Amino acid sequence: MKFIIQRDKLVQGVQDVMKAVSSRTTIPILTGIKIVAHTEGVTLTGSDSDISIESFIPAEEDGKEFVEIVQAGSVVLTAKFFSEIVKKLPMEIVEIEVGNHHSTIIRSGKAEFSLNGLDAEEYPLLPQIEEDNIFKIPTDLLKAMIRQTVFAVSTSETRPILTGVNWKLENGELICIATDSHRLALRKAMINSENQIYYNAVIPGKSLSELSKILDDTSEPIEIVITENQVLFKAKNLLFFSRLLDGNYPDTSRLIPSDSKTNLTLNSKEFLQAIDRASLLAKEARNNVVKLSTLTDGMIEVSSNSPEIGKVSEEIQAEEVVGEELKISFSAKYVMDALKALEGTEINVNFTGAMRPFVIRTKDDDSMLQLILPVRTY
């Protein structure tokens, strides 16, 4: 195998597939990146058997030449060294040549590296996915949906299913739900699928976070196929496979209260900053708890009290306060995460009592919802 390639294209491709390479893997060859040169261009693959990423660098695109293939072939190179080498090469053009016993020469300008490679035939094959039921979604919408839900997945392995995001697709509507049993994030969007398809799958939160980092902010559609145990995201020159989590996701629909007793309309930024200030003293305490109380004349008070450190209270003018008086305590971190995920300047917060979950939504937008369980402070 021998090819000459533009360095910045190679660096980008290597960075993308590195997101799937793990240093802790039971299959030694997976610590490497598989490189395949063929007439159309160069394909790079990285995998940790949960996530697999394939990045394609075309020989030419839009009349620009990126790769010159001298001889087709393949090799697997240790990801850790290969990625560092590629980043630090001196010139814009890189030549890669594989000799006997997979020994690989990487040249750029006056620098020449020799790396011991492995046989690409031994690299596990990517999952074969039947592409019958594809649905498409604009890349920027997909990234937004991931950002607005993935932070709420559970980080503890006691209930593995909760470490993923539940994706449900029916009647042309995609609903993404994440919960760690203390809070819940929900985001829905209408999407176009050619035929009526139904999916209900749980995608690991870690996979979605990595996918989101690789994708560009474009409105180009990304194709998505879900099978029994895999999901495939197809973007331009990029394939991203992830395994799905086994098991049934809990039914969360009954957690979301349909009525409320106290409703606040607030400026999202002011509310976030007040909670941030109140949490400065609460951070030291074990649970980072902040208290919210409704006052007269549409004012609310945000306060926190840590006996060893001190206390803080701040009043905010709400745009509207409707319903019963309320005193409620909650985790500052959870509410701040929720507020950062929501879009828009005004939010509605609906409470059904001091011990019931409360819901935060963007005003006049029902595509997003954040639900948080309060903390018992007595």
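A residue is taken as buried under 20% relative accessible area, as exposed over 50%, and as partly exposed in between (1.4 Å probe, protein chains only). The structure is a predicted model, in which local features need pLDDT of at least 70 and side-chain atom pairs count only at pLDDT 80 or more, while totals for chains, interfaces and linings use all residues. Residues are numbered from 1 along each chain as its sequence is written, and side-chain values use heavy atoms, with hydrogens and water left out.

Of the 378 residues, 50% are buried.

Helix H6 (residues 332-341) has 8 of its 10 residues buried, so the rest of the structure largely encloses it; among them are Tyr334, Met336 and Asp337. Helix H4 (residues 205-214) is likewise largely enclosed, because 7 of its 10 residues are buried, including Ser207, Glu210 and Ile214.

With a relative accessibility of 19%, Arg7 counts as buried. Beyond residues up to four places away in sequence, Arg7 touches Val86, Lys87, Lys88, Leu89, Met91, Glu92 and Val94, a contact being heavy atoms within 4.5 Å. A polar atom of the Arg7 side chain lies 3.5 Å from the backbone oxygen of Lys87. Phe66, 59 residues from Arg7 in sequence, is 9.1 Å away in space, C-alpha to C-alpha.

Methods
Helix = DSSP H or I, 4+ residues; strand = E, 2+ residues; numbered from the N terminus. Polar contact = N/O pair within 3.5 Å; in protein donor to acceptor, adjacent residues only side chain to side chain.
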